[in-house]
Amino acid sequence: MTVLSEEVGTPVTTSGGVVVGKVLDLTVRLDRDLPTVERVAVGRRRVTHLVPWVCFAGFGDEEARISDVHLSDEWSVTPPDVRLAPHELLLARDVLDAQVIDVRGRHSARVGDVVLAHTEIGTLEVVAVEVGLTPVVRRLGFGAIARRLPMRALPWADLHLRSARGHLVQLAMTTATVHRLDDAGLAHLLATVTASHAVDVIHAVGPERVGAALRHLPSAEAGRLLNHLEPDHTERVLAQLSGADAARFRGAVERPPAGAHRRFRRTAGWRHRPRSPSSATTEATP
Amino acid sequence: MSSETARVGPVPHLKARLTLLIAVLGPGLLAGLSDDDPAGITTYSVLGAKFGYQLLWVLLLSTLALIVFHNLGARMGVVTGQGLIGLVRERHGVRIASIALAGLVIANVGTTCAEFAGIAAGLELFGLSRTVGVPVAAVGVSALVLRGSFHRIEHLLMAVSTVFVAYVLSGYLAGPDWGEALHGLVVPTSPITRDAIVVITATVGTTLAPWGLSFIQSYAVDKRLLPKDLRLERIDVLTGATLTGVIGFFVVVACAATLHTKGITIEDAADAARALEPLAGGLARSLFGVGLLGAALLAAAIVPMSTAYSVCEFTGSEAALDDRFGDAKTFYITFGAVTITAALIVLVPGAPLISILVLTQVLNAVLLLPLLILMFGIARDAVLMGPHVATTASSCGYLATIVVVASCVVALLLLGTGLVPAF
């Protein structure tokens, strides 16, 4: 087992001991149960190459050794514009220090480090992310103190990434965490991410599941999300709901969005009193 | 719903827009108005007492800088859903974020000491003891944040901030020369002396406080504003920053019209309030004192909140005013720790408050420039900001502000280290 922070910065050498660069990052492909390292970003003097994992004869123990291959120009990339496959993301850029949602425990965390495991077939897999203060202390150079602190890890399968690319790449996978959530878990996720990310999730899981999840949210929060959708998508979601639920959420959608999720007048509850018998009104409070 | 209910008719268009605006108001108002804390009021009082109306233009420039960067902070929070320290960690890694957080926490504890010192000074103006008043204020602020919901906290804090009208009234009571004040506001002149550079830098630093920059972003996240609210949020920021400048203007004017003309020097805002009485009457003194107390209470809630948000963003923990204690322990424990520590320091007899406050001002000034640069980098990051990335025109505005702040800090360093002789 190793962690990403200990691999980044590792010198990359040939079998003859010539240093060709250092490890800057690792790409992983997400279209598997556990993401496996696909390529290694090797940097030297402002030139970066994405070297396929299969080119490495050894990785770990403070050294990364590549087979005798020439660093092809085909592998050359120009950060920050790094072309990745649709199922691929960079661990240090897109996962390390990014916010994640633990969908099982239903809380947010920030990735302190990424836990990697060598497999019997020679691949390197992401098994978990480390959160809390321990990885921070270790990465700040206080390894001796960090070894005395408890380790807190979240399994990769329970995570939803909140970084820009991580979020989109995960959603594009059929194995994405969001597809394995129950209604309450999906509701929690929708309420936690930003509105634009929530829209992405809604598009990924479909109107039926979203309708079921919205029942677990307060009307105001559901209205906030529905207001951010395009009108035809909102209608498709509302069409999945029963009469009472649909009416409740439709009312939340039709209210001004910024006023719906906060009561901005303390007196709103008793503002509307009948002024005359012919104009009796009652406000439907959330 | 009552059986006698008739559907309310369509809401008038203007009323609907006003409704939307009122619902969005909060981050800009609170972040802006809390900048007029005791340290700020002291700085403006000294500005007016020492230099009269001459340096009012510094306040105008500071207010413009506040509008620019508070607008950016709010936008960053709304678009990314993260606070400033969280974004710094995501973009620059744990080392830089740790340094920024450590600096913020230390400076914010010092600033909170200043707020409670301001509460103590304000109470003593009215003959009330700090040994009772400060703990009551600390408990009251903590109870509000711990027990209150987001909207209740916001409304109470906005209600507290209405005391700032007292400064406007005391400014009028001082009978200023409005022509000279306007001249000082728009015509930039300054003596090239160490005192002037110090006051100018202090004015910029107290208006564009680091904790205010992080607060507005975190609060916009907690308020759950959407990108479609950004246009209205600009109005919120503009209103808050403008009110900050207006209040500062009247504080300067009140002191310029009275203390400066009599050659009276002051050390803090309480001195200013006391000195106003023989010159502008007991009412001016009382109003100044009420304003000081209200400003201190508001900031005593905002600064620890800003610290708690920053710590939680760094660790990735939950941080929302609507969360119960059990769901956001890091947030509430941090808030409580900062508040209690600051209140205790103020109550310790013989505590070196002046040294703490001076060092805090220095630390805030040192922190400000790197934070502005970090914010500028994030604003230009298309991966984080998406379609809301800073345009070339906006970037020029941010850079211009950074250059002005850097000039003040560099000038102060050069004078302070003796590399440039003081006049």
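Good morning. B:Phe150 is buried, and B:Tyr219 is buried as well, where buried means under 20% relative accessible area, exposed over 50%, and partly exposed in between, with a 1.4 Å probe and protein chains only. I open with these two residues of a predicted model, in which local features need pLDDT of at least 70 and side-chain atom pairs count only at pLDDT 80 or more, while totals for chains, interfaces and linings use all residues. Residues are numbered from 1 along each chain as its sequence is written, chains are lettered from A and ligands numbered from 1 in the order in which they are written, and side-chain values use heavy atoms, with hydrogens and water left out.

Let me turn to confidence. pLDDT is the predictor's confidence in each residue, from 0 to 100. Chain A has a mean pLDDT of 82, with 87% of its residues at 70 or more. Which elements of chain A have the lowest and the highest mean pLDDT? The lowest, 48, belongs to helix H12 (residues 257–260) of chain A, and the highest, 94, to helix H3 (residues 133–139) of chain A. Helices (H or I, at least four residues) and strands (E, at least two) are DSSP runs, numbered from the N terminus. Over residues 263–286 of chain A, pLDDT stays under 50, and the model has 27 contacts beyond four places in sequence for them, a contact being heavy atoms within 4.5 Å. Where pLDDT is low, the predicted coordinates should not be read in detail.

Next, the aromatic rings. Over all chains, the search of the whole structure finds 17 aromatic pairs. Rings of Phe, Tyr and Trp (its six-membered ring) pair if their centres lie within 6.5 Å; planes under 30 degrees apart count as stacked, over 60 as edge-to-face and the rest as tilted. A:Phe56 and A:Phe59 form an edge-to-face pair, 5.7 Å centre to centre with 75° between the planes. A:Phe56 counts as buried because its relative accessible area is 11%, and A:Phe59 is likewise buried at 11%. B:Phe150 and B:Tyr219, by contrast, are stacked, with 5.0 Å between centres and 25° between the planes. This pair links distant parts of the chain: B:Phe150 lies in helix H8 (residues 150–160) of chain B and B:Tyr219 in helix H12 (residues 210–222) of chain B, 69 residues apart. Ring pairs also join both residues to B:Phe215, B:Tyr309, B:Phe325, B:Phe331 and B:Tyr332 in a cluster.

Finally, the charged side chains. There are 18 salt bridges over all chains, each a side-chain nitrogen of Lys or Arg within 4 Å of a carboxyl oxygen of Asp or Glu. In one of them, B:Arg89 meets A:Asp97, with the closest N and O atoms 2.7 Å apart. Why does this pair join two chains? B:Arg89 lies in helix H5 (residues 84–92) of chain B, and A:Asp97 lies in the loop between helix H2 (91–94) and strand S10 (99–102) of chain A, so the pair joins two chains. Both B:Arg89 and A:Asp97 are buried. B:Arg89 also lies over the face of B:Phe314, at 5.0 Å from the ring centre; the criterion is NZ of Lys or CZ of Arg within 6 Å of the ring centre and within 35 degrees of the ring normal.

Within chain A, A:Glu221 and A:Arg224 form a salt bridge whose closest N and O atoms are 2.9 Å apart. Because they are three residues apart in helix H9 (residues 219–228) of chain A, about one helical turn separates A:Glu221 and A:Arg224. A:Glu221 is buried at 12% relative accessibility, and A:Arg224 is buried at 3%.
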